[in-house]
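Subject: Structure handover and notes

Hello,

Please find the structure below. My notes on what was found in it follow.

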Amino acid sequence: MSPWSKRPVQAALYNDGQHMSRDFRGILFTPTQSLLPWSLDQMPNLIRKKLLVSLLSLGLLNAVAQDGYQVPIGSPGFYHGNSTASVTFDQYSLFLDNSRTLFLSGEFHPFRLPSPKLWKDVLQKYKAAGLNGVSIYLHWGLTSPSQGVNRWTGHNDIVKFLQLAKEVGLLVIARPGPYINAESAGGGLPAWLANVPALARTNATAYRDAWHPYIKEFAQLSAPYQYPDGPLIAVQAENEFSSSQETGIPGLNEYMQDVLDTLRAGGLNKIPTTHNANWPRKLWVTGTGAVDLFGFDGYPALFDCVHPETWPETDTGLHANHLNTAPAVPLALYEWQGGAFDFWGSGAGYDNCYELTNEKFANVFYKNNIAGGMRLQNFYMADPVGAILEPRVSTLVMTTELCVQIGIRRRNMANYGMQALREDRTITPKFSEIKVQSYFLHASPAYMTSDWVGAGSQTTGASFSDSSNVYTTVWRDPQSGTSFYTVRQTTNTKLTTTEFNLHINSTALGNDFIVPTSGVMTLEGRESKVLVADYKFGNSKLLFATTEILTWQTFDGTDYIYLYTSPSQSIEVIVQPNGSATPNDYTPSGFTVKSGKNYTVISAPAKRTTSVSAVKLGKTVILISDKANALATWAPRIEAPASGLGHYTPSSNIAGVWVTGPYLVRTASLKQGTLALTGDLNSTVSINIWGPSSIRRVTWNGKQMSTSRNTKLNSITANLQYSLNANGISIPKLSQVKWKCIDSTPEKAVDFDDSKWTVANKTSTLRPHQPFAGKYVLYGGEYGFYSGDLVWRGYFDGKNATGIELSVQTGFSGAATVFLNGQFLASKQGSSQGWSGVDIQQINSTFPVNLLRSKKNVLTVYHDSTGLSADYNVDDEFKKPRGIRGYKLLSTNGTDFYKWTVVGNVGGANAPDDVRGPYNEGGWYYERIGAHLPGYDDSAWSTCSPLSGRDSPGVTAYRTTFNLNIPNGSDVPLAFDFELEPRNSTTAYRSLIWVNGWQFGRFFSDLGPQTSYPVPEGILNYQGKNEVVVTLWSLYGAAKMKKLELNKRAVISSSKTSNFGLVNAPDWKALRGRGSH
C-alpha cells in the first residue's frame, strides 16, 4: 500500500506551515492512485507546495467524509446532514436554514448599560459595522438579589433584549453562566452564595439548589426566541471552565452536564450549546459535559497598557490549534481580544489600552484569525460596557475588585480599553477597521468552504513571497477556485515598509504566477492584507488585485466591486469583466487599462490625484479607493426580509446601497424611488451613494436631499448639513453650581445611636476563609450586607488598651479609616499589581492615652469594597469576605471588645430598590438617609463645595441639582471629569459619583488611572432636572478636588431615540419615605 493511502492528517505537522492539504479538519485523504514513491513530508518544501496545489486543481485528491464528530450526551444533535434543526453546522461553518453563515459578533452586556432605551443604538452600530451577531453575558448576581428570587426586569430583561435584537437583525449567543467571569463582581455569582456551604461550580447539592432556578428560568424565558422564531442561535454553558480531569476537583464534569441538561429541559433544545475554553485544548468536546459547538478564547496582546507600543508576535498556530481541539466543527473564537482592561493604580489609563489594541492591532491580529480559518468570531469587548467589576479592575461602571472599568460599585463599567465603541457609545477608528473586514467576509462566501493550503515565509514553512520579511497564509475554495492570501510582516517589531511580490496559483493566470506583473506590492509596518485570486463577483471575476476588497454588489445587471488600499501604494488589478467593452467604458486620469484576450489589467501609481476612482469595463465597475474612504463607507441592505437568514446576515446577494461620508448610517430602505437613509453626523459632509438606477430621491433622517449625478464615479452625490450648534448646547459648570454638603461620618462619635444596627455576634463561619483573630466574625456578608461600604463599631471598657491590630479585607485597592472615640487613628489604602495586589488593609495603631475612657470606648471602622473576587479557579475565592478579617485589641490586662455592631446598605439582603439592583448602595450615612436619591430634601445642609474640600480625615457628601436641555435629534455623551494627584499623596481621597440615585463612578485620586466617567442618557435626564452627589473621603488629612467638571464627549446629530427621560426608578419617597437608618 502506498504511504499516502488513507494517511491521517497530523495537525502537529502543520504548525510551521510546511504541509498542505485540501482540508485540515481531521479528514483523511486518499489519492486516486499512487503518484509518488516518497511520502509528502519527505519532499522539498517548494516541490511539495507546487505538487499539492496542482493535484488540488486537478481534483486528484478525494476527501473522505468527516466521521469524527460525536453528538454530546443529551443533545438532539445539530450536525448538518444529520439534523432537521434550523441551526446546524459542519466542519466548515454554521448553517441557518440550510445556508452557510459566517458569524461575526461583538460582546455586549445589557446589565452594564442600565438605560435599556440605548440598547438599540448600540445594536444598530454593531449591525452597521458589518456584524451579524451579538454575544451577551447575563449576571446571576444582579438578577438574583437573594436566593430563590430572580428579577428579569430592567437591565436584566432578557426577553426585551432578544426582542430588540430580532428587530435590529442581529443573531444572539447567550451566556448566562452560572459563572461568567466578565471581570465582574463574583464573576457573576451572587454575593449571597458566599454563605452557602458548598464548593461553587461543582455538583455539590447546595450549590445546585442555588443556581438551578436561575438557569431554568433563563431557559424558559429565552426558549420562544430560538432561531428561526427569534435571534437566539446558541447558548453557552459556564465559562472558561476546566474539567475534573484537568484540575483534580471532583464533580466538575457532572456539574457541566447538569447545566446543559437544565438549559435543554427549560426549552433550549432547538439550538446548539457552546463553550469557550480559555486557551486551545480538547475540552468539552466529548464525554460528560461536552457541548455541541466547542470553541476557545484568545487575548494575543494581553493587558500591558503601560507599554502599548510593545506587541507580541502573531501566532501562526491558530489553524493547528483548531485541528488539535475540535476539527469536526468550525473554528469558533468566542472571545477574541477587542480591547484591554486596566488595573487600579497602573499608571497607564484607557488611552494607552486603546493604543495597545487599536485599529492597527485589529488590522493585523483579526486578519490573522482569517488566516487561521475562523468561521465564528466574537470581539470581546466591542461595546460600551459597564457594571460590577471584580476588585482588580479599575472603574470605568460596576465594581469587581481588580480592574478599572466604568466606575461604580454597582456599575463600574467594565470598559475593555476603548474597544470598537467607546464607553460613551462613540465610534473609534477600530470600529471602522472591523467594519471593512466584516463587509469583505460577508461578501466572500467562498471563504467559508475554503481549505488550508499552506503558510510560511522564506525562512519557515511554505513561502509564497520573494521577501524574507513577508509571512503568507493561503486558503482555497475547491469549488469556486477562489484563493485567499493573508500577508503580513514576519515580525511585529518591524515598523518600516516592506516591498514584495507574491507567487499565486490561478486557473486563468496559471500556477506560480508572479504578482504584480509590474513593480512590487508594499506592506507598511504592522499592516496585514487579505488578497484574493479567482474571486467571483456577480458575473465578473477578479483574478488578482494588490488592493483589498471592501465588498461587491450587482446594480441593474452591472457588477460593482469596491477595492481599497493606502494612497502611498501603487495599484494593479487583473480582472475578467462581465461582458465586452462598450463606448461608455471609461478610465480615470492617471490609470492605465490594458485589455488582453483573457483578462484586463488596470494599474495606477501611488499618490493618486483622486481618493476614489472608477473604471468601467462592459458591465463591470471597479471602484478603487484610498483606505480612508473605504473606512467611511457603509453598506446597508435595502431589501432585507423581515425574518430568516436574510434578516440577520448581510450578503451581496441581497440588494443594498453603498454610502460614503457620514459618521454613521443606521438603516436604508428603497420604496417608490425614494432611498430613505437614517444615521448620524458629526460634521457637514459630502456623500456618494452607489445603488440601483431606481433611486430618484434621497432622504436623510426624513428630510429630502438635493442630489446630483457623478458620472465619473457613477454615483449619486449630496451634501449632508450638520445643523447642531455645539457651542450652543449649554452644560453646567460644576465649579459654579450651588453645592450643599453634610459630614457622612457621624458614627465616629462615642454617643452615636447605633441601637438599630445589627449586632455582629457570630463566633463561627462556614466560609473557607476563616478569621485571622478575634472572638467575633466580622464579615459583612454574614449579616446580610453583601455590597458596598460598611461601618463597624467595636466597644470596650477601661484605659488599659494600648492599641489595635486590624486586618480589613476590602478587595484590591480598597481602603479603610479608623477612629477611636471620635478621633482619627489611621487610614490604609490597598493596591493592584496586575492580577494581584493588596486586598487586606493592615492597620496597627497605638492609642493616645488621653483618648481612652473608663467606660464605653468606641472604635469606628469605615471601609469600602472594590467588589467581590472572581472564582476563576473553582476555589471559592469569591467567598473572600468584605469586612474585618481579624482584630486584636492590645492591652495590659487582656481587655477585649465586648460588642460589635455593623451597618451596611438599607435592607441588607432585602434591599428595597429592585430597579437599580443589589449592588447599587452601601452603608455610608448619606446612603442610609437616602441623600443620593432623587427627591431628598437637603435644605438643612450647609453650603460648600468639593473643590474646597474638607480639612480632616473623613467623608463629606456634596449634593447639587442642575437642569439639562439637550436638543432633540442629538446624541451628546456627557462625562464627569476629575484630576489625579501624585501617588501616595497626603491629600489623597476617594470619591463616588451618584446621578439621580445611580452610583456611576468611583475615583481614587492617587491611584487612578481613570479620571473620566461617562454617564448615559436615561441615568442623566437630558431635558430636565438632575440630582447629583459626589463624595470626598479624605484618607489622611485635608483634601479637595482639583477638578470636577461635566463635559461633552461629542455633539452628534443623530437619528437614535433621544430625550426619553429617566429610567423609571424609585425616588427618596419610595425608598426612604417611612424613615431612615
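R1049 and D424 form a salt bridge (a side-chain nitrogen of Lys or Arg within 4 Å of a carboxyl oxygen of Asp or Glu), with their closest N and O atoms 2.8 Å apart. The two residues are 625 apart and link distant parts of the chain: R1049 sits in the loop between strand 63 (1045–1048) and strand 64 (1052–1053), and D424 in the loop between strand 16 (401–405) and helix 11 (429–442). Helices (H or I, at least four residues) and strands (E, at least two) are DSSP runs, numbered from the N terminus. R1049 is partly exposed at a relative accessible area of 30%, while D424 is buried at 5%. Here buried means under 20% relative accessible area, exposed over 50%, and partly exposed in between (1.4 Å probe, protein chains only).

Before the rest, the basis: this is a predicted model, in which local features need pLDDT of at least 70 and side-chain atom pairs count only at pLDDT 80 or more, whereas totals for chains, interfaces and linings use all residues. Residues are numbered from 1 along each chain as its sequence is written, and side-chain values use heavy atoms, with hydrogens and water left out.

Other salt bridges

The structure holds 34 salt bridges. One of them joins K120 to E167, with 2.7 Å between the closest N and O atoms. K120 belongs to helix 2 (residues 119–128) and E167 to helix 4 (residues 158–168), so this pair ties together parts 47 residues apart in sequence. K120 is partly exposed, with 29% relative accessibility, and E167 is partly exposed at 47%.

R1002 also forms a salt bridge with D864, the closest N and O atoms being 3.5 Å apart. This pair links distant parts of the chain, 138 residues apart: R1002 is in strand 60 (residues 998–1004), and D864 is in the loop between strand 52 (857–863) and strand 53 (883–891). R1002 is buried at 1% relative accessibility, and D864 is buried at 2%.

Disulfides

There are two disulfides in the structure (pairs of cysteine sulfur atoms within 2.5 Å). In the C305 and C353 pair the sulfur atoms are 2.0 Å apart. The torsion about its S-S bond is about 110°, so this disulfide is right-handed. C305 lies in the loop between strand 11 (293–298) and helix 8 (318–325), and C353 in helix 9 (residues 350–356), so parts 48 residues apart in sequence are tied together. Both C305 and C353 are buried.

The sulfur atoms of C741 and C944 are 1.6 Å apart. C741 is in strand 42 (residues 740–743) and C944 in the loop between strand 55 (942–943) and strand 56 (954–965), a link between distant parts of the chain, 203 residues apart. C741 is buried at 13% relative accessibility, whereas C944 is partly exposed at 22%. With the bonded cysteines numbered in sequence order, the pairing is 1-2, 3-4.

Three strands form an open sheet in the order 3-4-5, with antiparallel pairing; strands pair if DSSP finds at least two bridges between them. Strand 3 (87–89) and strand 5 (99–101) are at the edges with a single partner strand each, so one side of each has no neighbour in the sheet. Strand 4 (residues 94–96) pairs with strand 5 over three bridges, and F95 stands opposite R100 in strand 5.

Regards
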